[in-house]
Amino acid sequence: MGTDSKHIETAVNQTYPGLTMYVRDVNLPDEISKKYKKNLLLREKAFCDASNRVMGMITTHRYGILSNHMADLREFEHGTNWGLHIAKSGSRFKVLENYQYKGKTLILLLHLPDDEGWEVFKNNIMDIDSDIVSSSIERFKDKCFKEPVPELSTKDWLDRCEFPVGIDESGNCFAVE
């Protein structure tokens, strides 16, 4: 897919309408956390679990995943009440921000289109991103020290979410292509 205005418009229309915030709370080592630089493109090899239940956090880091195409698997939870949503394996993300606030870190990721539309984001910065980042940071600051969702504080949930998104355990980014 090219980066002419038609392709950019198509990718923007695929990506931004209906964005919802999903969270994935983890404790990341500093050397991994620092890898999430603004505008970095990532590809996650595995399925990426996240929750639509956004409240406080008991971890040091929160992935805020902005998406309009996560799979809603809440009906298959069987009482866990996680608000389970999943990005399919091979999903691509763009780092919009890596923000620290009073010992907590928000790594804000934009879930890119599953087709070749993601390529538009390689060399283009969208004006809308700055507004999205500002509002996401305000929500993060407002929520991160509130009471956490009890079901998202369980060992089972935290174990599901312990791995970095788009980066292996050694700190190497997975190939985007």
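Me: In this predicted model, is T10 buried, exposed or partly exposed?
Reply: The relative accessible area of T10 is 36%. Buried means under 20% and exposed means over 50%. The value falls in between, so T10 is partly exposed.

Me: Which helix holds T10, and which backbone oxygen lies 3.0 Å from a polar atom of its side chain?
Reply: T10 lies in helix α1, residues 5-15. A polar atom of the T10 side chain lies 3.0 Å from a backbone oxygen. That oxygen belongs to K6.

Me: How far apart in space are T10 and G79, C-alpha to C-alpha?
Reply: In sequence, T10 and G79 are 69 residues apart. In space, the C-alpha to C-alpha distance is 39 Å.

Me: Where is H85, and is H85 buried or exposed?
Reply: H85 sits in strand β6, residues 84-87. Its relative accessible area is 3%. Buried means under 20%, so H85 is buried.

Me: Which backbone oxygen does the side chain of H85 reach?
Reply: Beyond four places in sequence, H85 is in contact with residues including Y22, C48, D49 and M70. The H85 side chain also reaches a backbone oxygen at 2.9 Å. That oxygen is from G83.

Me: How many disulfides does the structure hold?
Reply: A disulfide needs two cysteine sulfur atoms within 2.5 Å. For C144, the nearest cysteine sulfur is that of C161, 17 Å away. For C161, the nearest is that of C48, 7.8 Å away. The number of disulfides is zero.

Me: What is the relative accessibility of C161?
Reply: C144 is buried, with a relative accessible area of 1%. C161 also counts as buried. The relative accessibility of C161 is 0%.

Methods: Residues are numbered from 1 along each chain as its sequence is written. This is a predicted model: local features need pLDDT of at least 70, side-chain atom pairs count only at pLDDT 80 or more; totals for chains, interfaces and linings use all residues. Side-chain values use heavy atoms; hydrogens and water are left out. Buried means under 20% relative accessible area, exposed over 50%, partly exposed in between (1.4 Å probe, protein chains only). Helices (H or I, at least four residues) and strands (E, at least two) are DSSP runs, numbered from the N terminus. A polar contact is a pair of N or O atoms within 3.5 Å; within protein, one must be able to donate a hydrogen and the other to accept it, and residues adjacent in sequence count only if both atoms are side-chain atoms. Contact means heavy atoms within 4.5 Å.
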